[in-house]
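The sequence and structure are shown first.

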Amino acid sequence: RSSGLGIVGVGHPVPQRFRVVFDTGSGHVVVPAATCESDACLVHRRFNMSASETAVPINADGTPVPDGELCDQVDIGFGTGQITGEFVRDKVCLGINGDNSSQENTCLEMNVVMAVKMSTQPFKSFNFDGIMGLGLSSLALSDDFSFFDLVSKSGRVRSAHFGVFLTEGDVEG
């Protein structure tokens, strides 16, 4: 079943497409990193930071990582699994089309967790690449990691609400 899944893009000018699960129980956007060699990462799309002109490696507090220095890492538990992540600030876009284009008004600059390790269980068997955390900012490292908080403060939405559209199967109709 693929309920609760969608496509987001990360990066600019060509967003890299990721199939994500929309998760109200977490506050981060998480995608596998190109540097991740875990079995769970190798079977999913991975984010190539060097392919994005707007990607900035950051530490957990949002400050850029100085050249030649190691960046912060975080361990995050998801149910029975765990990821180890590093951080990047980049554009995250909803509503990615088949040609990878997006409407600029669906994009936000925000902090993203790049998974450099993902536990085999349960992530290897999942039919999604990453996680789109829609939880409140209290579930994130800071407000700049919370998509929901950033979109509510952006002035692009009338109120801090979202809805869920349910269908049977992958096709709307």
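In the hairpin of strand 1 and strand 2, five residues lie between the strands, and Gly11 takes a positive phi near 110°. Helices (H or I, at least four residues) and strands (E, at least two) are DSSP runs, numbered from the N terminus. The model is a predicted one, in which local features need pLDDT of at least 70 and side-chain atom pairs count only at pLDDT 80 or more, while totals for chains, interfaces and linings use all residues. Residues are numbered from 1 along each chain as its sequence is written, and side-chain values use heavy atoms, with hydrogens and water left out.

**Strand pairing**

Two strands pair if DSSP finds at least two bridges between them. Six bridges hold strand 1 (residues 5-10) and strand 2 (residues 16-23) in an antiparallel pair; within this pair, Leu5 has Val21 of strand 2 as its bridge partner. Strand 2 is also joined by four bridges to strand 8 (residues 130-133), and these two strands run parallel. There, Val20 has Gly130 of strand 8 as its bridge partner.

**Nonpolar cores**

A nonpolar core is a set of buried Ala, Val, Leu, Ile, Met, Phe, Trp, Tyr and Cys residues joined through side-chain atoms within 4.5 Å. Buried means under 20% relative accessible area, exposed over 50%, and partly exposed in between (1.4 Å probe, protein chains only). In soluble globular proteins, nonpolar side chains tend to be buried together.

The largest nonpolar core has 21 residues, and Phe18, Phe47, Met110, Val112, Met132 and Phe147 have the most contacts inside it. At least two residues of this core come from each of strand 1, strand 2, strand 3 (29-32), strand 6 (81-94), strand 7 (107-118) and helix 3 (147-153). Strand 7 gives the most, with five residues. Another core lies apart from this one; it has 20 residues, among them Ile83, Phe87, Phe123 and Phe145.

Contact means heavy atoms within 4.5 Å. Leaving aside neighbours within four places in sequence, Phe47 is in contact with residues including Val10, Gly11, Phe18, Val31, Val88 and Met114.

**Disulfides**

A disulfide is a covalent bond between the sulfur atoms of two cysteines; here the criterion is a pair of cysteine sulfur atoms within 2.5 Å. A search of the whole structure finds two disulfides.

| Disulfide | S to S | Angle about the S-S bond |
|---|---|---|
| Cys36 to Cys41 | 2.1 Å | 75° |
| Cys93 to Cys107 | 2.1 Å | 105° |

The link of Cys36 and Cys41 is right-handed, and both cysteines are buried. The link of Cys93 and Cys107 is right-handed as well. This pair links distant parts of the chain, with Cys93 in strand 6 and Cys107 in strand 7, 14 residues apart. Cys93 counts as buried because its relative accessibility is 1%, and Cys107 is buried at a relative accessible area of 5%. With the bonded cysteines numbered in sequence order, the pairing is 1-2, 3-4. Cys71 has a relative accessible area of 24% and is therefore partly exposed.

**A buried polar residue**

Asn111 is placed in strand 7 and is buried, with a relative accessible area of 2%. Which side chain does the side chain of Asn111 meet in a polar contact? The partner is the side chain of Arg89, at 2.7 Å. A polar contact is a pair of N or O atoms within 3.5 Å; within protein, one must be able to donate a hydrogen and the other to accept it, and residues adjacent in sequence count only if both atoms are side-chain atoms. Leaving aside neighbours within four places in sequence, Asn111 is in contact with Ile58, Gly62, Val88, Arg89, Asp144 and Phe145.
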